[in-house]
Amino acid sequence: MPTVAIVGLGLMGSSLALALKQARPDVVVVGSDKDPATLRKAVDRGVVTSASADPAVVDISDMVVLAVPILALRQVFANLAGHVAGKVVTDMASTKVSVMEWAAASGIELIGGHPMCGKEVAGIDAADPSLFKGAPWVLTGSHPAVNHLVESVGALPIVMDAVTHDRLVAGVSHAAFLLSVGYVLSLSGRVDWPEASKLAASGFRDMSRLAAGDPTLYAGIARTNRDNLIEQLDGISAALSRLRRHLADDDPRLVELFEEARSVRERWTRDAPSA
């Protein structure tokens, strides 16, 4: 009976554990986390069969999935270096270039992974076994065991090199968080925010949703994908400047930009894989 060890039992790790237990009852799922409360919840709720603060729990596994914060991965790789020989190792981090370099420096052959899904709330209490259904899951290489794991929880494996991954997700994912943060801070810094906040409804809710994300997660993303994020922000700034010019000049072509953006969004909605 195969055993999968999940290191890190927060939102993503616990969601994967629950999804695997539902989809693959033949798989034994064990876990590791540094937080004692999380370990107790994981065992009490049946998220994993057994759990330990000692990452050496991977010794009994056939596959290791790393679901810890990005900036913790370098040390995790160093700690696991003597424990994962001959095992399949993958991760769930949101950036890949730095992570792949850290793994290689520790002598670990990593199949890098990034499920393109999540929630604004973090931690085991938010775990959801349906989180991965219909979601793209980027892999830096094709491996039968990892591909099968991804597909078994309902996700769609996409093989892509680490450099391309980081460049693309900077635009379609990470820059969106920074825009949400900038939007919230620009409004909350106004003297009339207390009054305006009472009128905030669906528009504010939609635009501010990503700003509610885990700051530690996004700090790691920003540190490890800085250049791509700066390039994306420069492009967004140019688009905003164009909108501002049209608005200031009362340019009738402003509506053409609105129409163009709506068309792009509608095509994406039509063509995107559905869950």
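I looked for aromatic pairs and found four in the structure. I note that this is a predicted model.

I took F132 and W137 to begin with. Their ring centres lie 5.3 Å apart and the planes meet at 35°, so I logged the pair as tilted. I checked burial too: F132 and W137 are both buried.

Next I turned to W193 and F204. Here the ring centres are 5.5 Å apart with the planes at 45°, so this pair is tilted. I placed W193 in helix 7 (residues 193-197) and F204 in helix 8 (residues 202-208). The two are eleven residues apart, and the pair links distant parts of the chain.

F204 has a relative accessible area of 21% and is partly exposed. I also traced a cluster: ring pairs link Y183, W193 and F204.

Then I went to helix 4, residues 97-105. Which of its residues are buried? I listed S98, V99, W102 and A103. Viewed down the axis of helix 4, the buried residues fall within an arc of 135°, so they line one face of the helix. On the other side I found E101, A104 and A105 exposed.

What covers the buried residues of helix 4? I noted that the cover includes helix 3 (73-80), strand 5 (88-91), strand 6 (110-111) and helix 9 (215-224).

Last, I read the backbone just after helix 4. G107 takes a positive phi there, about 75°.

Technical notes: Residues are numbered from 1 along each chain as its sequence is written. This is a predicted model: local features need pLDDT of at least 70, side-chain atom pairs count only at pLDDT 80 or more; totals for chains, interfaces and linings use all residues. Side-chain values use heavy atoms; hydrogens and water are left out. Buried means under 20% relative accessible area, exposed over 50%, partly exposed in between (1.4 Å probe, protein chains only). Helices (H or I, at least four residues) and strands (E, at least two) are DSSP runs, numbered from the N terminus. The arc is that of the directions from the helix axis to the C-beta atoms. Contact means heavy atoms within 4.5 Å. Rings of Phe, Tyr and Trp (its six-membered ring) pair if their centres lie within 6.5 Å; planes under 30 degrees apart count as stacked, over 60 as edge-to-face and the rest as tilted.
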